[in-house]
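Have it open beside you and take the points in order.

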Amino acid sequence: MNSQHRGIGMTSQRTRERLIKRLEEQGIRNATVLDAIRQTPRHIFVDEALASRAYEDTALPIGYSQTISQPFIVARMTEALVNTGPLHKVLEVGTGSGYQAAVLSRFATTLYTVERIEPLLAQARRRFMELRIRNIRSHHSDGNWGWPEHEPYDGIIVTAAPVDIPQSLLTQLQIGGRLVMPVGQSGVQNLLLITRTETGFEKEVLNQVSFVPMLGGTVETF
Ligand code: SAH
């Protein structure tokens with residue numbers, strides 16, 4: 001069976017609408033962000049055995065001790081970037097399943113994404129091809145260093161939590177560019193929105209969150 005058809009019924013339009021309604025109730029207001037979530041088939045980004053849970057508002061395991069982020073967090077982070085200015089070039093650190101990249105690619109001219117675990121990246125690339133998403137460039141590397149070849153970015157989104165903000169990410173931001181990322185020890189992280197101004201950086205705390213830790217180095221296979 002073609003993977004786009006797997007889980008039909010469990011992943012019906014009604015189930016997806018229920019998720020959208022929940023996100024609205026939780027405070028996601030931007031209609032274009034809600035539409036992007038509505039139109040991105042999250043069940044394609046999880047293992048077949050979990051497809052029936054793809055439209056629940058929870059993080060789910062994707063292997064290698066990693067998770068696909070909770071839809072509310074994906075919506076919140078996307079909204080934080082979309083609401084604050086234009087997005088031509090956007091960098092994501094932590095491709096994981098590829099879901100956040102797929103959602104965000106709808107708002108960017110080019111979405112660059114880096115992942116340190118090679119098999120996860122390979123799987124995400126297959127999903128982008130299957131869904132015919134053509135504006136995502138991906139790279140196997142340690143995102144602590146950003147992706148210097150394509151800087152400066154209008155937006156950077158980090159989907160794993162470092163203890164401190166990596167300096168490289170700040171320097172790869174355009175003036176007026178925004179960085180959305182969780183920062184802190186596991187279990188007690190703040191989701192930050194950092195804006196680069198002419199003279200420095202402005203910081204705002206958006207939410208309390210719990211992300212997997214941002215690690216260093218790269219992994220080929222497990
Ligand atoms: N955006 C993903 C979330 C995956 S979880 C999604 O929508 O599914 C976070 C991901 O960040 C994991 O895949 C993990 O391997 C990756 N990661 C952690 N530290 C990293 C680093 N230093 N560089 C690149 N990726 C990293």
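1. Start with strand β2, residues 66-68. With 3 residues, β2 gives the most to the shell around the ligand. Please keep in mind as you look that this is a predicted model.

2. Now widen the view to the whole shell. The ligand is surrounded by 27 residues, and the closest are Ser97, Glu115, Asp142, Gly143 and Leu215. By type, the shell divides into 11 nonpolar, 12 polar and 4 charged residues.

3. Where does the backbone come up to the ligand? At Leu215, a backbone N or O atom lies 2.5 Å from a nitrogen atom of the ligand. Gln100 has a backbone N or O atom 3.1 Å from an oxygen atom of the ligand. For Arg116, the distance from a backbone N or O atom to a ligand nitrogen atom is 3.4 Å.

4. How much of the ligand does the protein cover? Taken on its own, the ligand has 570 Å² of accessible area, and the protein covers 99% of that. The space that the ligand takes up is the largest pocket. Besides β2, the elements that give two or more residues to the shell are β3 (89-93), α4 (99-104) and β4 (110-115).

5. Searching the whole structure turns up 3 aromatic pairs. One of them brings together Tyr112 and Trp147: the ring centres are 5.5 Å apart and the planes stand at 85°, so this pair is edge-to-face. Tyr112 belongs to strand β4, while Trp147 sits in the loop between β5 (136-140) and β6 (153-158), so the pair ties together parts that are 35 residues apart in sequence.

6. Which peptide bond is cis? The one that joins Glu151 and Pro152, where omega is about 0°. Pro152 has its place in the loop between β5 and β6, and Trp147 of the aromatic pair is in the loop between β5 and β6 as well.

7. Tyr64 is not a glycine, yet its phi is positive, at about 55°. You will find Tyr64 in the loop between β1 (60-63) and β2, and β2 is the strand that gives the most to the shell around the ligand.

Terms used. Residues are numbered from 1 along each chain as its sequence is written. This is a predicted model: local features need pLDDT of at least 70, side-chain atom pairs count only at pLDDT 80 or more; totals for chains, interfaces and linings use all residues. Side-chain values use heavy atoms; hydrogens and water are left out. A residue is near a molecule or strand if one of its heavy atoms lies within 4 Å of it. A polar contact is a pair of N or O atoms within 3.5 Å; within protein, one must be able to donate a hydrogen and the other to accept it, and residues adjacent in sequence count only if both atoms are side-chain atoms. Accessible areas come from the Shrake-Rupley method with a 1.4 Å probe; for residues, only the protein chains shown count as cover. On a 1 Å grid over the protein atoms alone, a cavity is a set of points where a 1.4 Å probe fits but cannot get out, and a pocket is an open set with protein on both sides within 12 Å along at least five of seven lines; lining residues have an atom within 4 Å of a point. A molecule sits in a cavity or pocket if more than half of its atoms lie within 2 Å of its grid points. Helices (H or I, at least four residues) and strands (E, at least two) are DSSP runs, numbered from the N terminus. Ala, Val, Leu, Ile, Met, Phe, Trp, Tyr, Cys and Pro count as nonpolar, Asp, Glu, Lys and Arg as charged, and the others, Gly among them, as polar. Rings of Phe, Tyr and Trp (its six-membered ring) pair if their centres lie within 6.5 Å; planes under 30 degrees apart count as stacked, over 60 as edge-to-face and the rest as tilted.
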